[in-house]
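Here is a short briefing on one protein chain. Keep the sequence and the 3D view open while reading.

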Amino acid sequence: MCDNGQNAVAVSLSRRLGQAARPRVLVVMGVSGCGKSTVAQLMAARMGWPVIEGDDLHPPANIARMSNGIPLTDEDRAPWLDRIAAEIQAWRDQGQCGIVTCSSLRRAYRERISNGHAEVCFVYLKGSREDIAPRLRQRTGHFMPVGMLDSQFATLEEPDMHHEVVMVLDVNAPQAHLAEQACLHLDRLPG
């Protein structure tokens with residue numbers, strides 16, 4: 001538990017992240033409405049890294065399906081995951097750092113995105129349906145309806161804290177504090 005005097009934030013680092021050098025690419029992950037975009041933008045501003053909104057990489061057919069309350073299949077997600085993986089690989093090839101948002105709900109998706117590289121870290125914004133549903137109800141201008149949250153949780157395979165490169169953050173803390181604590185923990189890792 002970290003504490004800055006006012007807010008306490010639960011931050012957990014996976015065993016593999018603790019053994020790895022500081023990651024060069026972060027994938028801010030979690031179900032829809034958990035705060036991926038906001039936390040990613042706050043971290044990017046603090047770190048000076050570029051950020052890509054993963055939703056912008058969805059094919060139009062995926063957006064149409066989700067807008068109509070139809071959950072995506074693995075086949076639907078494949079081209080989207082490949083586009084995210086290509087962005088990450090481009091950063092890696094150029095020796096650059098970056099942050100991308102992506103729900104990354106299944107372990108197979110995370111493996112596809114990271115290609116198993118330890119320099120790609122998943123920042124998992126963890127919360128319950130009860131924590132996240134009110135946020136979705138208040139959100140405007142996004143294609144994901146609140147009714148899709150159940151399918152997101154049904155698909156979610158939480159990251160493995162022994163075998164995956166992951167940092168877990170509790171969504172109940174203020175987002176600015178989450179971003180600050182995540183950056184502080186990353187800064188402590190060997191370069």
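The points below go from the whole chain to the sheet, the helices and a few single residues.

The model is predicted. The protein has 191 residues, and 46% of them are buried. Its secondary structure consists of eight helices and eight strands.

**Whole chain**

- The accessible surface of the protein is about 8800 Å², and carbon and sulfur atoms hold 48% of that area.

- Six strands form an open sheet with mixed pairing, and their order is 3-8-7-4-6-5.
- At the edges are strand 3 (11–13) and strand 5 (51–52), each of which pairs on one side only.
- Strand 7 and strand 8 (residues 166–170) run parallel and are joined by five bridges.
- Tyr124 has Val168, in strand 8, as its bridge partner.

**Helices on the sheet**

- Helix 5 packs on the sheet, where it touches strand 4 and strand 7. The direction of helix 5 makes about 145° with that of strand 7.
- Helix 2 (residues 36–47) lies across strand 4 (25–29), strand 5, strand 6 and strand 7. The angle between helix 2 and strand 6 is about 175°.

**Around helix 5**

- Glu111 belongs to helix 5. Its relative accessibility is 44%, which lies between the cut-offs of 20% and 50%, so Glu111 counts as partly exposed.
- Glu111 and Ala85 are 26 residues apart along the chain, and their C-alpha atoms are separated by 9.5 Å.
- Ser104 sits in the loop between strand 6 (98–101) and helix 5 (107–114). Ser104 counts as buried because its relative accessibility is 1%, and buried means under 20%.
- Asn115 sits in the loop between helix 5 and strand 7 (120–126). Asn115 counts as exposed because its relative accessibility is 56%, and exposed means over 50%.

**Positive phi angles**

- Most residues other than glycine have a negative phi.
- Ser104 is not a glycine, yet its phi is positive, near 50°.
- Asn115 is not a glycine either, and its phi is positive at about 55°.

Notes: Residues are numbered from 1 along each chain as its sequence is written. This is a predicted model: local features need pLDDT of at least 70, side-chain atom pairs count only at pLDDT 80 or more; totals for chains, interfaces and linings use all residues. Side-chain values use heavy atoms; hydrogens and water are left out. Helices (H or I, at least four residues) and strands (E, at least two) are DSSP runs, numbered from the N terminus. Buried means under 20% relative accessible area, exposed over 50%, partly exposed in between (1.4 Å probe, protein chains only). Accessible areas come from the Shrake-Rupley method with a 1.4 Å probe; for residues, only the protein chains shown count as cover. Two strands pair if DSSP finds at least two bridges between them. Contact means heavy atoms within 4.5 Å. Axes are lines fitted to C-alpha atoms, for helices over the stretch in contact, and angles run from 0 to 180 degrees between N-to-C directions.
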